Amino acid sequence: MEKVNIQKQLDSFANKQLPLWDDFPDFELYMDQLVSLGNRYLEGLIESPLTPSMVNSYVKKGLMSRPQKKKYTNTHLAELIAISLLKAIYPLDVIANYLDELLHEFSIKESYNSFATIFNDSLKNSCQVNFATDLTTLSQTTITKHIVIKAMIYKMIGEQLIKKAPAISAKTTTQKKI
(Lines give C-alpha, C1' and ligand atoms only; values in the text may rest on other atoms or scores of the structure.)
Protein backbone atom coordinates (compact mmCIF):
# COMPACT_ATOMS: atom_id res chain seq x y z
CA MET A 1 0.00 0.00 0.00
CA GLU A 2 2.79 2.43 0.99
CA LYS A 3 4.68 1.73 -2.24
CA VAL A 4 1.63 2.39 -4.42
CA ASN A 5 1.26 5.74 -2.62
CA ILE A 6 4.86 6.66 -3.52
CA GLN A 7 4.18 5.95 -7.18
CA LYS A 8 1.10 8.20 -7.06
CA GLN A 9 3.21 11.01 -5.58
CA LEU A 10 5.86 10.56 -8.26
CA ASP A 11 3.20 10.49 -10.97
CA SER A 12 1.70 13.75 -9.68
CA PHE A 13 5.10 15.43 -10.10
CA ALA A 14 5.58 13.93 -13.54
CA ASN A 15 2.36 15.64 -14.64
CA LYS A 16 3.53 19.11 -13.57
CA GLN A 17 5.37 21.34 -15.98
CA LEU A 18 6.51 24.88 -16.50
CA PRO A 19 4.88 26.86 -19.28
CA LEU A 20 6.90 27.71 -22.35
CA TRP A 21 7.31 31.32 -23.50
CA ASP A 22 4.44 31.11 -25.98
CA ASP A 23 2.14 30.07 -23.11
CA PHE A 24 2.75 33.43 -21.44
CA PRO A 25 0.19 36.19 -21.99
CA ASP A 26 0.81 38.52 -24.91
CA PHE A 27 0.21 41.68 -22.88
CA GLU A 28 1.93 43.50 -20.03
CA LEU A 29 0.98 42.68 -16.46
CA TYR A 30 0.52 44.65 -13.28
CA MET A 31 2.16 43.39 -10.09
CA ASP A 32 -0.90 41.48 -8.82
CA GLN A 33 -1.33 39.78 -12.19
CA LEU A 34 2.36 38.84 -12.32
CA VAL A 35 2.24 37.33 -8.84
CA SER A 36 -1.03 35.49 -9.51
CA LEU A 37 0.20 34.04 -12.79
CA GLY A 38 3.56 33.11 -11.24
CA ASN A 39 1.76 31.28 -8.44
CA ARG A 40 -0.45 29.46 -10.93
CA TYR A 41 2.55 28.35 -13.02
CA LEU A 42 4.54 27.27 -9.96
CA GLU A 43 1.73 25.58 -8.03
CA GLY A 44 3.05 22.45 -6.38
CA LEU A 45 6.63 23.28 -7.37
CA ILE A 46 7.53 25.88 -4.74
CA GLU A 47 7.18 25.79 -0.98
CA SER A 48 5.43 29.11 -0.35
CA PRO A 49 3.41 31.34 -2.65
CA LEU A 50 4.91 34.37 -4.35
CA THR A 51 4.07 37.81 -2.99
CA PRO A 52 4.42 41.37 -4.30
CA SER A 53 7.06 42.04 -1.63
CA MET A 54 9.15 39.17 -2.99
CA VAL A 55 8.99 40.65 -6.48
CA ASN A 56 9.92 44.09 -5.15
CA SER A 57 12.85 42.55 -3.29
CA TYR A 58 14.08 40.72 -6.40
CA VAL A 59 13.90 43.95 -8.41
CA LYS A 60 15.67 45.92 -5.67
CA LYS A 61 18.46 43.31 -5.47
CA GLY A 62 18.87 43.35 -9.25
CA LEU A 63 17.69 39.77 -9.74
CA MET A 64 14.77 40.95 -11.87
CA SER A 65 14.78 43.83 -14.30
CA ARG A 66 12.83 46.93 -13.34
CA PRO A 67 9.26 47.23 -14.60
CA GLN A 68 8.41 50.03 -17.01
CA LYS A 69 5.62 52.27 -15.67
CA LYS A 70 4.64 49.56 -13.16
CA LYS A 71 4.04 47.04 -15.94
CA TYR A 72 5.74 43.68 -16.17
CA THR A 73 6.55 41.73 -19.32
CA ASN A 74 7.20 38.10 -20.19
CA THR A 75 10.85 38.73 -19.36
CA HIS A 76 9.84 39.50 -15.77
CA LEU A 77 7.65 36.40 -15.66
CA ALA A 78 10.52 34.21 -16.90
CA GLU A 79 12.89 35.78 -14.35
CA LEU A 80 10.37 35.29 -11.54
CA ILE A 81 9.83 31.62 -12.39
CA ALA A 82 13.56 30.89 -12.57
CA ILE A 83 14.34 32.75 -9.33
CA SER A 84 11.46 31.08 -7.49
CA LEU A 85 12.67 27.62 -8.43
CA LEU A 86 16.37 28.30 -7.86
CA LYS A 87 15.90 29.87 -4.43
CA ALA A 88 14.72 26.53 -3.07
CA ILE A 89 18.31 25.36 -3.44
CA TYR A 90 20.61 28.37 -3.71
CA PRO A 91 20.94 31.63 -1.79
CA LEU A 92 19.95 34.77 -3.70
CA ASP A 93 23.56 35.95 -4.14
CA VAL A 94 24.43 32.71 -5.95
CA ILE A 95 21.32 33.09 -8.11
CA ALA A 96 22.28 36.69 -8.89
CA ASN A 97 25.71 35.54 -10.09
CA TYR A 98 24.19 33.00 -12.43
CA LEU A 99 20.85 34.42 -13.53
CA ASP A 100 22.14 36.60 -16.36
CA GLU A 101 23.94 33.65 -17.88
CA LEU A 102 21.00 31.33 -17.32
CA LEU A 103 18.36 33.54 -18.89
CA HIS A 104 20.35 35.71 -21.26
CA GLU A 105 22.72 33.29 -22.96
CA PHE A 106 20.65 33.70 -26.12
CA SER A 107 17.43 35.69 -26.48
CA ILE A 108 15.37 35.67 -23.29
CA LYS A 109 12.72 33.61 -25.09
CA GLU A 110 15.22 30.95 -26.23
CA SER A 111 16.98 30.89 -22.86
CA TYR A 112 13.75 30.59 -20.87
CA ASN A 113 12.34 27.92 -23.21
CA SER A 114 15.56 25.94 -22.82
CA PHE A 115 15.35 26.26 -19.02
CA ALA A 116 11.66 25.25 -18.94
CA THR A 117 12.15 22.34 -21.34
CA ILE A 118 15.10 20.94 -19.40
CA PHE A 119 13.17 21.41 -16.14
CA ASN A 120 10.06 19.69 -17.53
CA ASP A 121 12.00 16.79 -19.04
CA SER A 122 14.08 16.34 -15.89
CA LEU A 123 11.02 16.40 -13.65
CA LYS A 124 9.24 13.83 -15.79
CA ASN A 125 12.33 11.61 -16.03
CA SER A 126 13.14 11.91 -12.32
CA CYS A 127 9.76 10.46 -11.51
CA GLN A 128 10.55 7.39 -13.60
CA VAL A 129 13.96 6.59 -12.04
CA ASN A 130 13.63 2.81 -12.17
CA PHE A 131 11.23 3.01 -9.25
CA ALA A 132 8.67 1.06 -11.26
CA THR A 133 10.66 -2.11 -10.66
CA ASP A 134 12.16 -1.06 -7.32
CA LEU A 135 8.85 -0.09 -5.70
CA THR A 136 8.12 -3.71 -4.94
CA THR A 137 11.39 -4.15 -3.08
CA LEU A 138 12.29 -0.71 -1.63
CA SER A 139 10.72 0.97 1.37
CA GLN A 140 9.61 4.60 1.32
CA THR A 141 12.57 5.46 3.55
CA THR A 142 15.04 3.89 1.12
CA ILE A 143 13.48 5.62 -1.88
CA THR A 144 13.54 8.93 0.01
CA LYS A 145 17.23 8.43 0.83
CA HIS A 146 18.01 7.86 -2.86
CA ILE A 147 16.18 11.03 -3.87
CA VAL A 148 17.66 13.18 -1.08
CA ILE A 149 21.19 12.00 -1.80
CA LYS A 150 20.81 12.69 -5.53
CA ALA A 151 19.46 16.16 -4.68
CA MET A 152 22.49 16.90 -2.48
CA ILE A 153 24.90 15.68 -5.14
CA TYR A 154 23.25 17.73 -7.88
CA LYS A 155 23.26 20.78 -5.60
CA MET A 156 27.00 20.41 -4.95
CA ILE A 157 27.73 19.97 -8.65
CA GLY A 158 25.56 22.97 -9.51
CA GLU A 159 27.34 25.17 -6.95
CA GLN A 160 30.73 24.23 -8.37
CA LEU A 161 29.60 25.02 -11.92
CA ILE A 162 28.09 28.35 -10.85
CA LYS A 163 31.32 29.31 -9.03
CA LYS A 164 33.17 28.98 -12.31
CA ALA A 165 30.67 31.29 -14.08
CA PRO A 166 30.77 34.56 -12.00
CA ALA A 167 33.40 36.24 -14.20
CA ILE A 168 31.09 35.93 -17.20
CA SER A 169 28.03 36.97 -15.18
CA ALA A 170 29.81 39.93 -13.57
CA LYS A 171 30.88 41.13 -17.01
CA THR A 172 27.32 40.80 -18.34
CA THR A 173 25.87 42.61 -15.31
CA THR A 174 28.40 45.44 -15.64
CA GLN A 175 27.61 45.84 -19.32
CA LYS A 176 23.86 45.98 -18.62
CA LYS A 177 24.29 48.83 -16.13
CA ILE A 178 26.32 50.98 -18.52
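How many helices and strands does the secondary structure of the protein chain come to? The chain has 9 helices and 0 strands. Helices (H or I, at least four residues) and strands (E, at least two) are DSSP runs, numbered from the N terminus. The pattern along the sequence reads α-α-α-α-α-α-α-α-α. The model is predicted: local features need pLDDT of at least 70, side-chain atom pairs count only at pLDDT 80 or more, and totals for chains, interfaces and linings use all residues. Residues are numbered from 1 along each chain as its sequence is written, and side-chain values use heavy atoms, with hydrogens and water left out.

The protein chain contains 178 residues, of which 34% are buried. Buried means under 20% relative accessible area, exposed means over 50%, and partly exposed lies in between (1.4 Å probe, protein chains only). The accessible surface comes to about 11400 Å². Carbon and sulfur atoms account for 57% of that surface. Accessible areas come from the Shrake-Rupley method with a 1.4 Å probe; for residues, only the protein chains shown count as cover. Contacts (heavy atoms within 4.5 Å) were also examined by sequence separation. Among those between residues at least 6 apart in sequence, 68% join residues at least 24 apart.

The structure holds 1 salt bridge. A salt bridge is a side-chain nitrogen of Lys or Arg within 4 Å of a carboxyl oxygen of Asp or Glu. Here the side chains of D22 and K109 meet, at 3.3 Å from N to O. The pair links distant parts of the chain, 87 residues apart. D22 lies in the loop between α1 (2–14) and α2 (31–42), and K109 lies in helix α6 (residues 108–126). D22 is exposed, at 61% relative accessible area. K109 is partly exposed, at 36%. Side chains of opposite charge can pair when their charged atoms come close.

Helix packing was examined for α2 and α3. Two packed helices are described by the angle between their axes and the distance between the axes. The axes of α2 and helix α3 (residues 52–60) come within 9 Å and cross at roughly 105°. The two helices are therefore roughly perpendicular. Angles of 65 to 115 degrees count as roughly perpendicular, under 35 as roughly parallel, over 145 as roughly antiparallel and the rest as oblique. Axes are lines fitted to C-alpha atoms, for helices over the stretch in contact, and angles run from 0 to 180 degrees between N-to-C directions. From α2, residues M31, D32, L34 and V35 meet P52, V55 and N56 of α3.

The loop between α3 and α4 (74–86) contains K69. K70 lies in the loop between α3 and α4 as well. Most residues other than glycine have a negative phi. K69, however, has a positive phi near 55°, and K70 has a positive phi of about 60°. K69 is exposed, at 79% relative accessibility. K70 is exposed too, at 67%. R66 is also found in the loop between α3 and α4, and is exposed at 56%. Leaving aside neighbours within four places in sequence, R66 contacts V59 and H76. The C-alpha atoms of R66 and H76 are separated by 8.4 Å, with the residues 10 apart along the chain.

A nonpolar surface patch is formed by V148, I149, M152, I153, Y154, M156, I157 and L161. Together these residues have about 810 Å² of accessible area. Patches are made of residues with over 30% relative accessible area and no salt bridge; like charges are joined within 9 Å, and nonpolar side chains (Val, Leu, Ile, Met, Phe, Trp, Tyr) within 5 Å. I157 lies in helix α8 (residues 140–163). I157 is partly exposed, with a relative accessible area of 44%.
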